[in-house]
Amino acid sequence: MNSAPRGRKSTAMNTASSPNDSRQALERLRGGRIEFSAEPTEIRPFDSGATLSWTITPPEGSGPAIFRLNGSVITPQGRIGGHPPVTTEYCIEGAVAGARMILARTTVSVVTDHCIRIAVPEQTIRRLLQEAIDDVRASTPLLTQRRPASVEVDARGIHVRAFLRIAIENAPDPDLDIDGLLGLGVEDGAVRVFFRRFSLDLDSPRWFTLASAGLSKIAEQPMEALITDNLKPMLLRKAEDMIQSYLRMMPPGFRLYRIDSGPDELTVIVCPSQPSP
């Protein structure tokens with residue numbers, strides 16, 4: 001078990017009513033004793049996880065104190081199990097008389113050296129999402145594409161923009177721009193694709209909108225239904241199928257662990273499904 005070393009430097013935050021009150025409160029907190037450990041300190045994906053244990057002995061005469069573990073209130077003695085998805089630092093903070101300070105820290109490292117990383121390049125993602133847009137466009141004669149879709153991958157996810165046009169008889173053809181941000185996650189070993197953000201903008205010429213007393217709204221409503229019923233689920237399905245196609249490369253005994261999003265690519269991480277010996 002790893003204990004927080006005595007005499008270590010603490011991080012203090014002053015919310016007391018005066019500097020003198022703060023100094024006295026911090027001195028009282030420093031006078032206590034704390035044991036804080038994680039067992040084990042290193043885990044692997046799909047292991048049983050780690051157990052955090054702590055015992056806090058407040059100094060005599062310190063008054064009522066509140067202790068928190070990564071923001072959650074805890075009792076002076078306890079233990080809790082957990083399996084962080086990534087390497088995580090845990091901090092115990094004490095608060096008394098308007099002053100707060102971090103009393104102890106410990107880290108649980110998630111070791112992925114036995115895992116396999118599969119890169120999914122941005123150009124592959126762009127091609128597949130463009131296919132989804134082409135499929136919807138082919139099934140909708142009134143819908144054309146002004147230029148190819150823009151697809152960019154960064155730390156937030158997959159940013160896709162489509163530049164379409166709607167053909168309206170005896171009227172100017174309005175532009176329809178779609179702007180979406182796809183997020184990716186893993187639930188129980190399965191891919192989860194979802195929209196973090198989705199918006200569409202129908203842009204008709206100003207003179208037409210003003211002179212036609214709501215015609216653009218009439219055109220917009222069926223287009224919104226088309227996007228909601230067809231294009232949105234098609235984009236989600238294409239992204240999910242894309243990840244599934246890469247998962248076919250997994251060796252036996254491996255399981256999807258995480259999908260990381262970064263500049264110009266996704267990284268699919270698969271790990272041994274059985275706990276390490």
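**Note on the cores, disulfide and open sheet**

1. Leaving aside neighbours within four places in sequence, isoleucine 125 is in contact with Val120, Val151, Val153, Ile158, Met242 and Leu266. This contact list, like everything below, comes from a predicted model.

2. Ile125 also belongs to the largest nonpolar core, which holds 38 residues, and is among the members that touch the most others, together with Leu129, Ile158, Met242, Ile243, Leu266 and Val268. Helix α4 (residues 215-247) supplies the largest share of this core, namely eight residues.

3. The structure holds one disulfide, in which cysteine 115 is joined to cysteine 271 with an S to S distance of 2.0 Å. The link is right-handed, with 110 degrees about the S-S bond. Because cysteine 115 lies in the loop between β9 (99-110) and β10 (116-121) while cysteine 271 lies in strand β16 (residues 265-272), the pair ties together parts that are 156 residues apart in sequence. Both cysteine 115 and cysteine 271 are buried. Cysteine 91 is likewise buried, because its relative accessible area of 15% falls under the 20% cut-off.

4. Three strands, in the order β2-β4-β7, form an open sheet with antiparallel pairing. Since β2 (33-39) and β7 (77-82) stand at the edges and each has a single partner strand, one side of each is left without a neighbour in the sheet. From one strand to the next, the twist averages 10 degrees.

5. Strand β4 (residues 50-57) runs antiparallel to β7 and is joined to it by six bridges.

Methods
Residues are numbered from 1 along each chain as its sequence is written. This is a predicted model: local features need pLDDT of at least 70, side-chain atom pairs count only at pLDDT 80 or more; totals for chains, interfaces and linings use all residues. Side-chain values use heavy atoms; hydrogens and water are left out. Two strands pair if DSSP finds at least two bridges between them. Helices (H or I, at least four residues) and strands (E, at least two) are DSSP runs, numbered from the N terminus. Axes are lines fitted to C-alpha atoms, for helices over the stretch in contact, and angles run from 0 to 180 degrees between N-to-C directions. A nonpolar core is a set of buried Ala, Val, Leu, Ile, Met, Phe, Trp, Tyr and Cys residues joined through side-chain atoms within 4.5 Å. Buried means under 20% relative accessible area, exposed over 50%, partly exposed in between (1.4 Å probe, protein chains only). Contact means heavy atoms within 4.5 Å. A disulfide is a pair of cysteine sulfur atoms within 2.5 Å.
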